[in-house]
Amino acid sequence: MLLDADVVVVGAGMCGLYALKVLRDQGLRVLVLEKGSGVGGTWFWNRYPGARCDIPSMEYSFGFDPELEQDWEWTEHFASQPEIERYLNHLADRYDLRRDIRLSTGVTAMTFDEDTDTWVFDTETGEQFRARFAVMATGGLSAPYRPAWPGMDTFAGRIVQTSLWPEEPVELEGKRIGIVGTGSSGVQAIPELAKVADHLTVFQRTAAFTWPSQNQPLSDDAQAAIKARYRELRAEQYASFTGTAGTTGAVIFAVPTDDRRILDSTHEERVDAIEEHGFSACRIWSDTATDLDANAMAVELFHEMVRRTVKDPEVADSLLPRGYPLGCKRPVLDAGYFETFNLDHVSLVDLRKDPIQEVTATGIRTEHQFIELDVLVLATGFDAMTGALTRIDVRGRDGRLLRDDWVGGPRTYLGIGIVGYPNMFVCVGPGSPGVLATYPTQIELQVGWISEFVRYLVEHDYTRVEADLAAQDTWGEHVNEVARGTMFTAESCNSWYLGANIEGKPRVFLPYVGGLPNYMARCNEVAAQGYEGFVLS
Ligand code: NA7
């Protein structure tokens with residue numbers, strides 16, 4: 001039987017690029033199939049104005065090659081999308097990865113051939129590929145969510161989605177722009193759109209907790225100092241819960257969480273905290289992550305900062321995050337977000353009071369007003385962690401379809417293996433730290449583990465590997481157990497971590513919240529026990 005490769009990797013983002021490198025270094029034939037016309041995944045698609053990483057650049061980078069670390073120059077504490085896209089393209093060139101990457105070749109279906117223990121990949125180009133193993137490097141936030149309001153297809157202006165932002169420039173200068181969504185993407189785009197728009201209207205359903213990133217150029221001295229201790233920094237990252245040491249310049253991470261309980265604090269102490277820490281005053285207390293009353297008090301400090309920053313009291317009131325606890329959603333970092341609402345040509349529509357009714361040829365009609373628009377920007381998020389996998393027709397053993405198997409929520413063993421889908425490994429999947437740990441750091445560890453597993457299978461002539469049901473169930477229970485009692489799963493929390501942003505998606509906490517070191521310790525234990533919990537044949 002003719003194989004196109006030993007391993008097909010689906011996706012050429014961070015995970016796919018690294019998987020190609022390590023698996024090829026092992027002497028395997030690897031083929032990467034990528035939907036986009038360029039490499040970079042998230043950093044290829046999300047090229048909207050203001051797109052930027054919220055992890056310090058010196059840490060949001062790979063540590064597997066000390067020469068790469070020394071050669072690459074980051075220019076800012078938090079790197080912008082173009083800079084990260086350049087970095088990933090540099091990787092593709094530096095390690096000669098492009099010769100095994102097929103661009104503009106999105107995988108539409110995958111079928112496990114039980115007679116030969118191989119996967120067959122169907123692509124949108126009509127080409128078919130066959131390989132022994134599949135590595136799903138399809139990303140955690142890569143299946144865009146697009147709402148459907150009545151009349152949307154009648155809009156005569158331009159609709160652009162932040163997560164599918166075109167490569168050619170979008171005409172924004174002097175336009176009447178509307179933007180829906182105030183998560184990370186919206187919060188980053190809004191100040192930038194305001195700089196060029198004739199008028200910017202922000203349509204907000206849920207107000208965000210967002211902190212000033214205090215991003216700055218990275219000075220040569222600061223960069224050299226970090227480079228001099230890169231090994232130590234990487235060790236700190238691997239040992240940290242989130243894969244981030246947080247010591248490389250991001251001001252927000254410098255605020256200590258000490259033993260101060262906000263429930264025991266006096267009014268004066270809380271006022272002092274605001275004076276000293278500003279928006280971060282709500283983050284310094286030790287009891288807000290586990291006690292809802294403490295959390296509510298901390299939220300008050302955040303509200304106070306919004307009121308101090310936004311001049312119009314009615315607008316400020318709409319911008320106060322309410323109805324869900326601090327720490328339930330991923331924190332957002334911004335550059336002058338709240339200040340943007342003080343500009344005369346920026347207005348806010350609070351969709352909780354004035355919901356969208358329809359889109360017409362010339363704008364958006366809400367319950368109480370009509371807003372004329374030339375451009376409508378959708379910053380409406382993703383079908384997180386599972387969407388990229390369930391949008392492909394993945395057919396495993398006995399003809400089962402992954403989309404159907406996961407109707408009640410995803411089930412995985414270590415986030416990597418799935419019962420019924422042999423020879424398939426998922427990168428940063430549900431049940432792994434995924435979106436909760438810095439990607440390059442986590443990918444190095446997790447893909448390193450997967451590649452060693454593949455090496456073991458090849459060396460021992462195993463042709464089939466599949467997660468065991470009992471092992472998968474036990475892992476699933478553990479993932480749920482560690483999330484219980486945290487703000488992530490509080491009753492009032494409705495986040496994309498829980499699938500709550502997608503209609504009909506079951507409420508299941510998707511990532512493993514037990515931390516990267518605990519996760520890797522478990523993975524390494526499994527490997528040491530001869531890949532316990534996987535059935536090899
Ligand atoms: P998010 O964080 O899911 O934000 C999406 C935003 O879009 C959020 O404010 C949503 O409001 C809003 N939204 C979604 N659908 C609608 C409809 N139908 N009407 C009005 N508003 C809507 O996605 P991002 O891309 O910003 O960030 C995702 C992650 O990427 C981020 O956490 C970083 O890790 C990088 P809602 O809150 O659902 O009321």
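In which order do the strands of the open three-stranded sheet stand, and is their pairing parallel or antiparallel? The legends below, all of which describe a predicted model, begin with that sheet.

**View 1. The open sheet of strands S13, S14 and S15.**
The three strands follow the order S13-S14-S15, and their pairing is antiparallel. The edges of this sheet are formed by strand S13 (356–359) and strand S15 (370–372); each has a single partner strand, so one side of each lacks a neighbour in the sheet. From one strand to the next, the twist averages 20°. Strand S14 (residues 363–366) is joined to S15 by three bridges in the antiparallel sense. Within this pairing, Gly 363 is placed opposite Glu 372 of S15. In a regular strand, side chains alternate between the two faces of the sheet.

**View 2. The parallel pairing of strands S9 and S12.**
Five bridges connect strand S9 (residues 199–204) with S12, and the two strands pair in the parallel sense. Phe 203 has Val 349 of S12 as its bridge partner. Strand S12 (residues 346–350) is mostly covered, since four of its five residues are buried.

**View 3. The disulfide of Cys 15 and Cys 427.**
The model contains two disulfides. In the one shown here, the sulfur atoms of Cys 15 and Cys 427 are 1.8 Å apart. Cys 15 belongs to helix H1 (residues 14–25), while Cys 427 lies in the loop between strand S18 (424–426) and helix H15 (439–459), so the bond ties together parts of the chain that are 412 residues apart in sequence. The link is right-handed, with 120° about the S-S bond. Both Cys 15 and Cys 427 are buried.

**View 4. The disulfide of Cys 328 and Cys 493.**
Here the distance from S to S is 2.2 Å. The torsion about the S-S bond of Cys 328 and Cys 493 is about 80°, and the disulfide is therefore right-handed. This pair, too, links distant parts of the chain, 165 residues apart. Cys 328 is found in the loop between helix H11 (313–318) and strand S11 (332–334), and Cys 493 in the loop between helix H16 (469–483) and helix H17 (516–528). Cys 328 has 0% relative accessibility and so counts as buried; Cys 493, with 0% as well, is likewise buried. When the bonded cysteines of the chain are numbered in sequence order, the pairing reads 1-3, 2-4.

Cys 282 counts as buried because its relative accessibility is 1%, and the limit for buried residues is under 20%.

**View 5. The crossing of helices H1 and H15.**
The axes of H1 and H15 come within 9 Å of each other and cross at roughly 40°. This angle makes H1 oblique to H15. The crossing is right-handed. On the H1 side, the residues that meet H15 are Met 14, Cys 15, Tyr 18, Ala 19, Val 22 and Leu 23. Their counterparts in H15 include Tyr 439, Pro 440, Ile 443 and Val 447.

**View 6. The packing of helices H15 and H17.**
H15 and H17 pack at an angle of about 10°, and their axes are 11 Å apart. H15 is therefore described as roughly parallel to H17, a term that applies to angles under 35 degrees. H15 contributes Thr 441, Gln 442, Leu 445, Gln 446 and Trp 449 to the contact. Among the residues contributed by H17 are Leu 516, Tyr 519, Met 520 and Cys 523.

**View 7. The surroundings of Ser 142.**
Ser 142 is located in the loop between strand S6 (128–136) and strand S7 (158–161). With a relative accessible area of 30%, Ser 142 is partly exposed. Leaving aside residues up to four places away in sequence, Ser 142 touches Phe 382 and Ala 388. Arg 330 is 188 residues from Ser 142 along the chain, and the C-alpha atoms of the two are separated by 16 Å.

Methods
Residues are numbered from 1 along each chain as its sequence is written. This is a predicted model: local features need pLDDT of at least 70, side-chain atom pairs count only at pLDDT 80 or more; totals for chains, interfaces and linings use all residues. Side-chain values use heavy atoms; hydrogens and water are left out. A disulfide is a pair of cysteine sulfur atoms within 2.5 Å. Buried means under 20% relative accessible area, exposed over 50%, partly exposed in between (1.4 Å probe, protein chains only). Two strands pair if DSSP finds at least two bridges between them. Axes are lines fitted to C-alpha atoms, for helices over the stretch in contact, and angles run from 0 to 180 degrees between N-to-C directions. Angles under 35 degrees count as roughly parallel, over 145 as roughly antiparallel, 65 to 115 as roughly perpendicular and the rest as oblique. A crossing is left-handed if the near helix is turned anticlockwise from the far one by less than a right angle, and right-handed if clockwise. Contact means heavy atoms within 4.5 Å.
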